[in-house]
Amino acid sequence: SESFLTTVNGGFFAQEQLGYHNWSFLTVGGRYDYASAFGADAPAVFYPKVSLSVVPSDFTSWSRPLGINSLRLRAALGKSGRQPGAFDKFTTFSPLRGELGAGLPPSNLGNPALKPEVATEIEGGFEAGLWGDRIGIDATAWHRSVKDLLIARQFPVSGGFRRTQLDNIGEATAYGYEMGIRSYVINRPRLSVELAANASYIRQWLDT
């Protein structure tokens with residue numbers, strides 16, 4: 001047997017970062033994608049993003065409260081996607097050999113309306129250094145929702161197709177928290193000891 005697999009992807013990407021007095025930074029961008037894996041009835045997709053980072057510890061009036069010598073606050077909002085497989089949109093048949101002759105049994109039940117699933121995520125957090133950066137703390141909270149989730153569903157086998165059909169019929173929601181802490185117990189020219197710990201929590205659910 002022999003098979004060929006060809007996927008064509010194309011798009012445009014643009015991004016710009018703006019800074020103000022070297023303590024605040026705004027980044028905006030977007031990506032416009034098209035792929036041959038999209039169904040004939042599905043348009044291209046646009047993924048925008050925006051993020052903001054502020055460093056209050058770079059203010060001239062920063063007085064190191066509670067021993068915090070460096071602090072960065074950040075927030076971001078963006079979209080991303082996952083496209084279907086190269087041949088998921090096509091209805092295909094498989095070869096069948098037999099003593100009475102060759103045949104073509106049903107294989108994949110295609111879907112010309114297939115489009116990528118799109119995830120929208122928002123997150124915020126901070127990074128802080130205490131007591132001359134001997135202790136560092138990194139914390140993040142995020143929330144993600146996925147639309148047009150690709151799920152394989154079963155049609156009545158009386159139609160001739162026993163396999164499932166991929167379709168954009170699901171939604172998923174998730175949120176979570178991440179936190180990390182590190183400490184330089186010993187930091188000398190010939191000896192350094194660093195301790196680090198990380199923890200995360202995630203909860204998600206699926207609707208179809």
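Arg-64 sits in the loop between β3 (45–54) and β4 (68–82). Strands here are DSSP runs of E with at least two residues, numbered from the N terminus. This is a predicted model, in which local features need pLDDT of at least 70, side-chain atom pairs count only at pLDDT 80 or more, and totals for chains, interfaces and linings use all residues. Residues are numbered from 1 along each chain as its sequence is written, and side-chain values use heavy atoms, with hydrogens and water left out.

**Backbone angles**

Most residues other than glycine have a negative phi. Arg-64 is not a glycine, yet its phi is positive, about 55°. Its relative accessible area is 55%, so Arg-64 is exposed. The cut-offs are these: buried means under 20% relative accessible area, exposed over 50%, and partly exposed in between, with a 1.4 Å probe and protein chains only.

Asp-148 also has a positive phi of about 55° and is not a glycine. Asp-148 lies in strand β6. With a relative accessible area of 26%, Asp-148 is partly exposed.

**Aromatic pairs**

A pair of aromatic rings is described by the distance of the centres and the angle of the planes. Rings of Phe, Tyr and Trp (its six-membered ring) pair if their centres lie within 6.5 Å; planes under 30 degrees apart count as stacked, over 60 as edge-to-face and the rest as tilted. The structure holds eight aromatic pairs. Two of them, Phe-87 with Phe-90 and Tyr-175 with Tyr-201, are set out below.

| Pair | Centre to centre | Angle between planes | Class |
|---|---|---|---|
| Phe-87 and Phe-90 | 6.1 Å | 50° | tilted |
| Tyr-175 and Tyr-201 | 6.4 Å | 55° | tilted |

Tyr-175 is partly exposed at 22% relative accessibility. Tyr-201 is partly exposed at 41%. Both belong to one aromatic cluster, together with Tyr-177 and Trp-205.

Phe-87 has a relative accessible area of 41% and is partly exposed. Phe-90, at 38%, is partly exposed too.

**The largest pocket**

Phe-87 turns up again in the pocket lining. The largest pocket is lined by Ser-1, Glu-2, Ser-3, Phe-4, Phe-87 and Thr-92. Its volume is about 170 Å³. The lining divides into two nonpolar, three polar and one charged residue. Here Ala, Val, Leu, Ile, Met, Phe, Trp, Tyr, Cys and Pro count as nonpolar, Asp, Glu, Lys and Arg as charged, and the others, Gly among them, as polar. A pocket is an open set of points on a 1 Å grid over the protein atoms alone, where a 1.4 Å probe fits, with protein on both sides within 12 Å along at least five of seven lines; lining residues have an atom within 4 Å of a point. Grid points are joined across faces, edges and corners, and the volume is the space filled by probe spheres set on the points.

**Nonpolar cores**

A nonpolar core is a set of buried Ala, Val, Leu, Ile, Met, Phe, Trp, Tyr and Cys residues joined through side-chain atoms within 4.5 Å. The largest one has six residues: Ala-35, Phe-38, Ala-42, Val-45, Tyr-47 and Val-118. A second, separate core has five residues, including Ala-119, Val-146, Leu-149 and Ile-151. Not counting residues up to four places away in sequence, Ala-42 touches Pro-112, Ala-113, Leu-114 and Lys-115. Contact means heavy atoms within 4.5 Å.

Thr-164 is in the loop between β6 (135–153) and β7. At 34% relative accessible area, Thr-164 is partly exposed. Leaving aside neighbours within four places in sequence, Thr-164 contacts Asn-108, Ala-152, Arg-153 and Gln-154. Asn-108 is 56 residues from Thr-164 in sequence, with 7.6 Å between their C-alpha atoms.

Thr-173 lies in strand β7 (residues 165–187). Thr-173 counts as buried because its relative accessibility is 19%. With neighbours within four places in sequence left aside, Thr-173 contacts His-143, Arg-144, Ser-145, Arg-203, Gln-204 and Trp-205. Trp-205 is also a member of the aromatic cluster.

Ile-186 is in strand β7 as well. Its relative accessible area is 27%, so Ile-186 is partly exposed. Ile-186 and Asp-138 are 48 residues apart in sequence and 20 Å apart in space, C-alpha to C-alpha.

Notes:
Helices (H or I, at least four residues) and strands (E, at least two) are DSSP runs, numbered from the N terminus.
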